[in-house]
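Visitor: I'm new to this structure and would like a close look at a single part of it. Could you pick a spot in the core and then walk me outward from there?

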Amino acid sequence: MKSLLKNGREQKGLKTREVAQILGIDQALISKFESGTRKPTREQISKLSQLLEIDYETLMIAWLKEKILYEIGNDEFALKALKLAEDEIKYNKAASNLKLSTSLEKILKEIDALKDKLDSYKQFDSDKIKQVFELEYTFESNRIEGNTMTLRETDMVINEGLTISGKSMREHLEAINHHEAIAFIKDLMNKNNSLNERDLLSIHNLILRGIIPEDAGRYRKVQVMIQGSNYMPPQPLMVTQEIEEYFIWYEINKNKLHPVILAAEMHERLVTIHPFIDGNGRTSRLIMNLILMQKGYVIANIKGDYENRMRYYQALETAQTKKDKEDFLLFIAQTEKESLEKYIAMLTQ
């Protein structure tokens, strides 16, 4: 910046005292601006830009760069802090133009009313109702991914320790693992810590434990294709960077977005990164429901029947390939609304 100011003044054929006189600034300050020992104010930058005919944007960028370097210098965390600041600036710029659709606003208001009603019935809450919801969630989440166990068979495996004739070992482990993963996210919910990468890998480790042990809790090392979808996930080398940005986005937005929108976004973003060789869907839904439960909502249980599964997959693909998340956000909001209605009905029976 100091070079810009000095070169600009000399090209105009002005002396430092003349610049000082025109702008009403002490001559000694002008000299310090040009030597770099003092920084102009934002107002002074505007005046210097006009007088010396230096492009305002160019001068402002140089001024802001100097301010940033002065504040953070060579601190060991400087680059990470700059990345976080960059993402927050990008988000805030986008958020100023972001408006929820009328349909989304309407359903979120309905969800908020149901949430208030749920809070008023807390004295009727019971572990039995939670267990019913968790069992159904395990059944439906696994059914989405092709598990053929019935709800009753899932119950027998989880709660009675039985094996089901004709069902594979993998299907048994999927039921047991998912049930344990729910217990894990409930523990995280009670600790009320901010979601982090370690939690993500722990959840995935539980999902694939004993099924593909060499990949449980580890990012994929090969390129993958999503069957039946036109979306191609990022290359393996990009996964770590994408996950880092994923959690930066979460930290920026966790207290800014409606909890249902936040949970849905975290689900969609993780599936889109597709960081694991297998178990991405189950893990993404668990992350979504951890966020919902931390905020006092109930499990959003996406049904695994053909019609709901196709709606779910189509909404995800639209979000991934067309960058239009409206259908997906509406789908998750509607799912949460239905779950709240069912939970309240069970409480008041």
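Guide: Happy to. Let's start at M266, which touches L195, Y246, W249, Y250, I287 and I291, leaving out residues up to four places away in sequence. Keep in mind that this is a predicted model. M266 belongs to the largest nonpolar core, a group of 66 residues, and together with I287 it touches the most other members. There is also a second, separate core of 19 residues, with L14, V19, I45 and L52 among them. As background, nonpolar side chains in soluble globular proteins tend to be buried together.

Now follow I287, one of the residues that M266 touches. Helix α11 (residues 197-208) packs against helix α14 (residues 280-294) at an angle of about 130°, and their axes are 10 Å apart. Because the angles that count as roughly perpendicular run from 65 to 115 degrees and roughly antiparallel begins over 145, α11 is oblique to α14. The crossing of α11 past α14 is right-handed. On the α11 side, the contact is made by L200, I203, H204 and I207, while α14 brings R282, T283, L286 and our I287. Sorted by class, that contact of α11 with α14 has five nonpolar, two polar and one charged residues.

N192 sits in the loop between α10 (169-191) and α11. It has a positive phi of about 60°, although it is not a glycine. Most residues other than glycine have a negative phi. N192 is also exposed, because its relative accessible area is 54% and the cut-off for exposed is over 50%.

The loop between α14 and α15 (306-322) holds N301. With 8% relative accessibility, N301 counts as buried, since the limit for that is under 20%. Setting aside neighbours within four places in sequence, N301 is in contact with E136, Y137, E140, T335 and S339.

One of those partners, E136, leads us to another pair of helices. E136 is part of α8, and along with L135, T138 and F139 it meets L151, T154, D155 and I158 of α9. Here helix α8 (residues 127-144) and helix α9 (residues 151-159) pack at an angle of about 115°, again with axes 10 Å apart. These two are therefore roughly perpendicular to each other, and α8 passes α9 in a right-handed crossing. By class, the contact between α8 and α9 has four nonpolar, two polar and two charged residues.

K323 is not a glycine, yet it has a positive phi of about 55°. At 67% relative accessibility, K323 counts as exposed.

One last stop is D112, in helix α7 (residues 102-120). Not counting residues up to four places away in sequence, D112 touches H258 and Y297. D112 and Y297 are 185 residues apart in sequence, but from C-alpha to C-alpha they are 9.7 Å apart in space. D112 counts as partly exposed because its relative accessibility is 29%.

Conventions
Residues are numbered from 1 along each chain as its sequence is written. This is a predicted model: local features need pLDDT of at least 70, side-chain atom pairs count only at pLDDT 80 or more; totals for chains, interfaces and linings use all residues. Side-chain values use heavy atoms; hydrogens and water are left out. Helices (H or I, at least four residues) and strands (E, at least two) are DSSP runs, numbered from the N terminus. Buried means under 20% relative accessible area, exposed over 50%, partly exposed in between (1.4 Å probe, protein chains only). Contact means heavy atoms within 4.5 Å. A nonpolar core is a set of buried Ala, Val, Leu, Ile, Met, Phe, Trp, Tyr and Cys residues joined through side-chain atoms within 4.5 Å. Axes are lines fitted to C-alpha atoms, for helices over the stretch in contact, and angles run from 0 to 180 degrees between N-to-C directions. Angles under 35 degrees count as roughly parallel, over 145 as roughly antiparallel, 65 to 115 as roughly perpendicular and the rest as oblique. A crossing is left-handed if the near helix is turned anticlockwise from the far one by less than a right angle, and right-handed if clockwise. Ala, Val, Leu, Ile, Met, Phe, Trp, Tyr, Cys and Pro count as nonpolar, Asp, Glu, Lys and Arg as charged, and the others, Gly among them, as polar.
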